[in-house]
Each structure stands twice: as C-alpha cells, then as structure tokens.
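Subject: Structure handover

Hi,

Here is the structure I said I'd pass on.

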Amino acid sequence: MTLPPDERLPGLVLDARLHLLDRQVLDVDGVPVCTVDDLEVHGMDGSDRPDGTQTAVVTSLLSGAVLATRVFGGRPPSSSWHRIRWSHVADVGTTVALGVRGDTLDVTWTERWVRDRVIGRLPGGRHDPG
Amino acid sequence: MRVVRALLGLAAVAAAAGCAVGLDATPVDEARALTSPLEQASSAVGTATLAAELLGDGRSTAAVTDTALLDQVHVLQEAADAVATFVPADRTGAAWQADALTTVRDAQVAVAAARGWANGAGSDEGTVVAALDASATALDDLTATLDEVTGE
Amino acid sequence: MKRVLGVALGILTAIGGFLDIGDMVTNAVVGSRFGLSLAWVVVVGVIGICLFASMSGRVAAVSGRATFEIIRERLGPRAAGANLTASFLINLLTLTAEVGGIALALQLASSVEPRLWIPVAALALWLVVWRAKFSIMENVTGLVGLTLVVFAVAVFLLGPDWNELADQALSPTVPAAEGHAVYWYYAIALFGAAMTPYEVFFFSSGAVEERWTVKDLAQSRMNVLVGFPLGGILSVAIAACAAIVFLPAGIEVSSLSQIVLPVALAGGKLALAVVIVGIVAATFGAALETSLSSGYTLAQFMGWSWGKFRRPAQAARFHLTMIVCILVAGAVLMTSVDPIKITEFSVVFSAIALPLTYLPILIVANDPEYMGEHVNGRATNALALVYLVIIVTASVAAIPLMIATGAGS
C-alpha cells in the first residue's frame, strides 16, 4: 500500500492506524462500550477487500473476536464480526465517541449477558455502592 | 545428531546423579552441606527463645508467641529433613550427620516444649528457656566444629 | 481533615504497594541478612515509583484515561496483550499472597489456623469490592494502615547503634556470609517490590474513579509525594527492626510471625496489637488493590465498562473478573501453599514486567493530544529515561539471578 503524498490539509487528518485502532469507544453517555479492535473498510467501487488501488472508506468499527486475529493473524469469518456502523460515530479524539447508547449495540452482548445472568442476580448488584 | 544429543543428555544425568550421591565429595563439601541446615536450626531456636522470653516478660501475647513457635517448628522440620536426607561419603561424615540429627531433634523437643508452655501446658519459663539455650549452645558447638573443617 | 483525606488514595496505594505481605517479608529478610546495606534500593525505588505514578496520575487527571487503556492504545494488541497476560498473572499471584497474608495476620491475632481464615478473608474482600464506596474504602484502609508507623517508632525504642545503622545504609557492602549474586538478587526483588506495576494501575484508575481533573493536579502530586515516601520509610523501618534484632543473633526471617517480634520487644503488647491491626489493614488494602487492578487491567484492555463508581450491574464483566480472581486466589490458598513463597515469586516476576508498563506511560505523558500543555518537562523526561535504563536492566537480570541463586537461598 503506498501512502498518498504528504500534504498539509487544513482540516483534521486522521490516520486509521494511529487514531482509530485500539482506541476506547464511549457511548453517548460516556460509558465505555469496547475498544476498536479492527476496522471494516470498503472500496468506493463496492469491493469488500480493497487492495489500496481504489479509494476506500471505513464503514464500521469492529470489536470482539476479531481481536484474536489482530494478535495471532488471519482473517475471522465475517459472521463473528460485531460492527458499530461508522454513521454512529460522533467524534474522534483521544476516544471514539458514539452518538447512540451502548446498550443498543450488538458488541455489548457479553456485558448484557453477564449482567442478566450473573451480576444482576447477586444481592446488591443493581444498587449504588454504599 | 539425535544420538549425540541423547548421549549428551545421558552424560548430564550421570553427572548429576554422581554429584547427588556425593561420589567425589570432600570432607569440606560434606561439612558445608551440614552447616547450612544447622544454621537454619540455630535461627529457629533463636527466634523461639526470643518469642518465649517476650511472652514471659508480658511483652507478647500467647497467640503471637504460639504462632512464632509453630512457624519455627516448621523451619526445624525442614532442617531435620535436610540433615536426614544427606548422604555421607565416609565414617567422619556419617558421625557428623548423626550428631547433627541429634542436635536438631533436641532443638525440636525444646521448641515443642516451649510451645506447650506458651499454651499453658505444664513446665515454667525458666525450664523452657534453659532447654532452648542448651539447644542453641549444642547447635553452635557443632557448627563451630564443622566450620573448622571448612575453614570459614 | 479534608486535606488529610485528600491524600488517602496515595496512602492506600503506597501502603498496599510498599507494605503488602511481599514487601514486609522481603524487607525483613533483607534486614536480617544484609542489615541496611540494601536501603539505597528502596530510595531508588521510591523515586522511580513517584516519578511514574505522578505521570500516570497526571495523564489520568488531564485526559481521563487510565494506564491500561493507554498501554493498549500505544503498544497495540500484541505487546499490550503480552503485558496484560504478565500483569494479570502477577496480579493474581500477588492477590493470592495478600489473601494468605490477611489469614496469617489474623492467625497472629487469634492463633486460629490460617486455612480457616482464608474463606473469611476472601468473602470480606469481595463484600468491600462489591458494596463499599471507593472513597470509604481508601480512607478506612489508608488510615488504619498508617498504624504501621509503629515499625518506625519501634526502631527508636530499640535504641540501636545509630552509627552502625548509618554506616550500613550509607556505605553499603555485601556481608561476608553472602554472595554478590544473592545481594543483587535481593536488590532486584526490592526494586520490583517498590515499583510493582499494580500500583500505577490502581493509582491511575483510582484517579479516574475519584474523577480527578486538571484542577486536581496539585492534589495528585501531593498524593504521590506523601504516600510513596511514607511507604518507603516504613519499609526501611521494617528492615531496620530486623537488622537490629535478628542480624546480630544470626536469625534469618522466614515467616510473618518473626516480623512482629522486634515490635513486641520494643513496645510490648500494646505495640504488638497496633502492628497486627496495621498488618491486617495493609494486607487487606493490598488485596483490594490487586483485586481491583485485575478488573481494571482486563476491562481497560478490552474496553469494557469499569469502575466502582458504577453499580456492579453497569460494570458486569469488570465485577465478574474480580469475583473469579478472588475465588481462584482462595482456591489456590486452600491447597495449603505457603503465601510467603508466592510473594517471593510475584515480586521478582513484577521486576520482569516493568518495562512494558512504564514505557507507554512515558510516551503518552509526552503526547500533546492527550496532555495539552501538561506534557512532561525536560527534567522529568531525563530522569524517566535514566529509570527506563534501570528498569530494563533489572528486568533482564531478574530471571538469570533467580536461577543462579536458587531464588536467594
């Protein structure tokens, strides 16, 4: 992949690797949702495996099982991807802020499962610490 | 290549086994091997004496002294194991080992008696501390004898 | 009073970090074998932990990001994952040792077998993690842990030969009976014990729990500058007690019960009671610190919702992690393994994991995107680079020395 010539643009320039990958994702209430484990990138011509020759856009943030492929290599079956659509992203700073509530997203299913099956059932689990 | 490795491995095992049984152990090595558990035992007896005296002076509680003595029982057990598993190369070594075993066992008896006293079973502070002191002296004497051999 | 309680986070972090079961035993062992000739390592360690804890506290206050989020973001999933694996295991090892330490301390108070105390200690630990407010937790354990000052008082009451102690501390030499390798092995163990990574994980996450902002930077600095030196002074006091009472008698420390004997000798039953309360509080504080750190590190690496300021149900995976860790620690201890042995390993292993923790903190503390105008100054960076060299050296030398010396025996 060749990098585009280094031009100083007036706007905010984001490097996907530097500013998106491994950043904390917060929902609209500031609650942590996940970390950006990987990105889904589509070519403008519709291909889902852009090879760098065409303009590509980030379509989703990925989290969950894809982390294993970042660590050990390979490509996970797309059925196990948990996506956060790029259209939900409200802001990118030292964290990635979403414009929706984390509870409504697919990626937080483990959190909900643990809450409903384990933690929420223990006495005091749903009360403020006193 | 595999054969070479296997042979090397065998050689290493043989060497280790040889060392373990003390084939070529000199008297100095033997004395050194016994000094270390004896020092451990001295340390345990010293701690036990301190713990017993503190209880006698009313500066320590029965629970703390009891726990300290119990811990030293374990330390002495370790020392006794080290002496008992030692394999002497000749008669001198065997005699040292027998002496060391006796002194460490005496130390165990003294510490156990101290613990009995700390928990209110018979005896009195004077007897207990005297027994611990006697045990400490015996350990020191034997260590000194061995130190003469090692020249330390 | 508010000012006093304002440094509670630093005091709890330092007492849990410096006066946990591992440090108490290591310091007493070192005192009984080497006198104060390794006290300089504690000084080096205190300066190092002050430097990096204040950096991580500043990053947390300015950017709101705790240390392990930063480690993940800067090192990527592979290196950060390696660090997580190491830190998490060390944490679990330390937690196990601390729960064992609570049980041993309660044995001193009751002479009831420690195995019977382990379930009690584990349950109490979980209840505090589950229900207590962060501020109450840190204030109570921090203040009660302060009773360990009795070690410093005991040094004075024992009326030692100050010249000799000063001589040991100021012109350190390896005692004749000990080898150089053993001396350096214990130097690394003390250094690792002082700089244990869980202290910065806990301190920076605690800063987020307490919602520190730029306005609290002065308070953060106060916490570091009061807490850690205090912890350092007390750990030297423990070594000094052992050096005064045990070194001349040729007694080698191998158990917690020995550590309190010099205090009893100096101050009698009252001092003894105070020191036992202090040890229970300090080991309990360290157990809280390590169980929370296990939750913090994993949750921050994975991006989960975490924090004691949330209801447990709103940080479900964070709380589940801690429950599992506490259960594992309790289960391991019920096999009658010796907690003191575990601490010896955890202290040395933390020395190995140090570089992967402290390098990312240094990098982010220099990143204007996170820090704005609060990036590191030149002097801080220069000192931090010196420490990185020390940290890497200690980390590389730890395992070979451990093997060569048979773990200091």
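This is a predicted model: local features need pLDDT of at least 70, side-chain atom pairs count only at pLDDT 80 or more; totals for chains, interfaces and linings use all residues.

Residues are numbered from 1 along each chain as its sequence is written, and chains are lettered from A and ligands numbered from 1 in the order in which they are written.

**Chains A and B**

A quick word on terms: helices (H or I, at least four residues) and strands (E, at least two) are DSSP runs, numbered from the N terminus. Chain A has 3 helices and 7 strands, and along the sequence they come in the order α-β-β-β-β-α-β-β-β-α. Chain B has 5 helices and 0 strands, so its pattern is simply α-α-α-α-α.

Next, burial. A residue is buried if 20 or more other C-beta atoms lie within 10 Å of its own, exposed if 12 or fewer, and partly exposed in between, with C-beta atoms placed from the backbone. By that count, 25% of the 130 residues of chain A are buried; for chain B it is 41% of 152 residues.

Two residues are in contact if their C-beta atoms, placed from the backbone, lie within 7 Å. Take the contacts in chain A between residues at least 6 apart in sequence: 45% of them join residues at least 24 apart. In chain B, residues 24 or more positions apart account for 78% of the contacts with a separation of 6 or more.

**Who touches whom**

Which chains share the most contacts? Of the 2 pairs of chains in contact, that is A and C. Chains A and B do not touch, and their nearest C-alpha atoms are 32 Å apart.

Where A meets C, chain C gives 28 residues and chain A gives 27. On the chain C side, the elements that give two or more residues are α5, α6 (114–131), α15 (316–334) and α17 (368–371), and α5(C) gives the most, with 7 residues. Sorted by class, this side of chain C has 11 nonpolar, 6 polar and 11 charged residues. (Ala, Val, Leu, Ile, Met, Phe, Trp, Tyr, Cys and Pro count as nonpolar, Asp, Glu, Lys and Arg as charged, and the others, Gly among them, as polar.)

Apart from its neighbours within four places in sequence, A:V71 is in contact with C:P77, C:R78 and C:G81. A:V71 is partly exposed, because 16 other C-beta atoms lie within 10 Å.

The meeting of B and C takes 18 residues from chain B and 20 from chain C. On the chain B side, α2 (27–56) and α3 (62–84) are the elements that give two or more residues, and that side divides into 7 nonpolar, 8 polar and 3 charged.

Angles under 35 degrees count as roughly parallel, over 145 as roughly antiparallel, 65 to 115 as roughly perpendicular and the rest as oblique.

- The axes of α2(B) and α14(C) come within 10 Å and cross at roughly 30 degrees, which means α2(B) is roughly parallel to α14(C). B:L50, B:A51 and B:L54 meet C:L261, C:A264 and C:L265 here: 6 nonpolar residues, no polar and no charged.
- α3(B) and helix α5 (residues 67–110) of chain C pack at about 125 degrees, with axes 6 Å apart, so α3(B) is oblique to α5(C). B:A63, B:V64 and B:T67 meet C:Q107, C:L108, C:A109 and C:S110, with 4 nonpolar, 3 polar and no charged residues.

**The cores**

A nonpolar core is a set of buried Ala, Val, Leu, Ile, Met, Phe, Trp, Tyr and Cys residues joined through C-beta atoms within 7 Å. The largest one has 204 residues, and B:A114, C:V99, C:L190, C:C241 and C:V263 touch the most other members. Helix α14 (residues 261–302) of chain C supplies the largest share, 23 residues. A second, separate core of 14 residues includes A:V25, A:I84, A:L98 and A:L105.

Cheers

Conventions: Axes are lines fitted to C-alpha atoms, for helices over the stretch in contact, and angles run from 0 to 180 degrees between N-to-C directions.
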